[in-house]
Amino acid sequence: MRKKILAANWKMNLTQPEVDAWLHTIQGFALNNDAALLRVYPSAIYLKDFQNTNLHFGAQNIFYETRGAFTGELSVAQLKSVGCQSALIGHSERREIFHESDTQIALKVQACANADFSFILCCGEPLAIREVGTQEKYVIGQLQKNLENLSLAQLDLLVVAYEPIWAIGKGVIANLDQINEMHQAIRNFLVDKYDKAGEEVPILYGGSVSPANAAAIFSCPAVDGALVGGAALDASSFYQLWQALNA
Ligand code: PGA
């Protein structure tokens, strides 16, 4: 059985008092970690605030070198040393705004794999690609390049998040057929590349997931959870998503 995962990507949001309040609220809820795994990806300055919680927390980004003169960057070893358990890699905002290339993302995957560090690899097509109907070729192309350095033995570190760029932060989700089709295409790619072990990789959906649409999204057999931005900034609405995933 694949593990279900609900992940909060806070992006560049929340101040220290807001983080304190979020943690206070979420810890007031009954979170049974045997069920869906809850993960939080806060801004790096707040990572240490999670050390004394039982929450899985990780970094929104990593750099692929192990140490040295890379101003502003964080290595996997540094993140691990403060208790981080995973990272996001290749979010579309990193790819688009910060011009991260598939080659750089493949190096980040390799850095995680070398350090036995779990990661969520994000993929997804822009609207222009969806409009011409080549989204599967585009997304599978991203995965082919990004996973070039991940071996079968390292596959249990991988979670994939499919996030159509046109649905991120827009209040519009992809429809359920679009989600199922792409998740199935990703699954086929993983099984082609990694054989039966490819069946075990969780595939999350991301893009405007909210308490209003979560039940429908989680009812898709090909969806193993979600990567959530906006609706994860409020601890109560994030908890509602967690309840929907466990329903
Ligand atoms: P959103 O963001 O839920 O605000 O659309 C999702 C993401 O970018 O991971």
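Which residues is Asn9 in contact with, leaving aside its neighbours within four places in sequence? I looked this up before anything else. Asn9 is in contact with Tyr41, Gln60, Leu88, His91, Leu227, Val228 and Gly229, where contact means heavy atoms within 4.5 Å.

**Entry: conventions**

I note that this is a predicted model, in which local features need pLDDT of at least 70 and side-chain atom pairs count only at pLDDT 80 or more, while totals for chains, interfaces and linings use all residues. Residues are numbered from 1 along each chain as its sequence is written, and side-chain values use heavy atoms, with hydrogens and water left out.

**Entry: Asn9**

I placed Asn9 in strand 1; helices (H or I, at least four residues) and strands (E, at least two) are DSSP runs numbered from the N terminus. Asn9 is buried, with a relative accessible area of 4%. Buried means under 20% relative accessible area, exposed over 50%, and partly exposed in between, with a 1.4 Å probe and protein chains only. I also checked Asn9 against Gly58: the two are 49 residues apart in sequence, and their C-alpha atoms are 9.5 Å apart in space.

**Entry: the chain as a whole**

I found nine helices and eight strands in the protein chain. The radius of gyration is 17 Å, close to the 18 Å that the globule rule gives for 247 residues, so the chain is as compact as a globular protein of that length. The radius is taken over C-alpha atoms, and the globule rule is 2.2 Å times the number of residues to the power 0.38. Along the principal axes, the C-alpha atoms fill a box of roughly 45 × 45 × 35 Å.

Buried residues make up 52% of the 247 residues. The accessible surface comes to about 11,300 Å², of which 52% belongs to carbon and sulfur atoms; accessible areas come from the Shrake-Rupley method with a 1.4 Å probe, and for residues only the protein chains shown count as cover. Among contacts between residues at least 6 apart in sequence, 73% join residues at least 24 apart.

**Entry: nonpolar cores**

I take a nonpolar core as a set of buried Ala, Val, Leu, Ile, Met, Phe, Trp, Tyr and Cys residues joined through side-chain atoms within 4.5 Å. The largest has 71 residues, of which Trp22, Leu147, Leu158, Ile186 and Leu190 touch the most other members. Helix 7 (residues 176-194) gives this core its largest share, seven residues. Not counting residues up to four places away in sequence, Leu158 touches Phe119, Leu121, Leu147, Leu150, Leu190, Val201 and Pro202.

Helix 4 (residues 102-114) has 13 residues and reaches 18 Å from its first C-alpha to its last, close to the 18 Å expected at 1.5 Å a residue. The expected span is 1.5 Å times one less than the number of residues in the helix. In helix 4 I found Ile105, Ala106, Lys108, Val109, Ala111, Cys112 and Ala113 buried. These buried residues pack against helix 2 (76-81), strand 4 (86-89), helix 3 (92-97), strand 5 (118-123) and helix 6 (135-146).

Helix 9 (residues 235-246) has twelve residues and reaches 16 Å from first C-alpha to last, close to the 16 Å expected. Its buried residues are Ala235, Ser237, Phe238, Tyr239, Leu241, Trp242 and Leu245. What covers them includes strand 1 (5-9), helix 1 (16-27), strand 2 (37-41), helix 8 (214-218) and strand 8 (225-228).

**Entry: positive phi**

Most residues other than glycine have a negative phi. Leu14 is found in the loop between strand 1 and helix 1, and Ser208 lies in the loop between strand 7 (203-206) and helix 8. Leu14 counts as buried at 18% relative accessibility, and Ser208 counts as buried at 18%. Just after helix 4, Asp116 takes a positive phi of about 55°.

**Entry: cysteines**

How many disulfides does a search of the whole structure find? The search finds zero, a disulfide being a pair of cysteine sulfur atoms within 2.5 Å. The sulfur of Cys122 is 7.6 Å from the closest cysteine sulfur, in Cys123, which is too far for a bond. Cys122 counts as buried at 1% relative accessibility, and Cys123 is buried at 4%.
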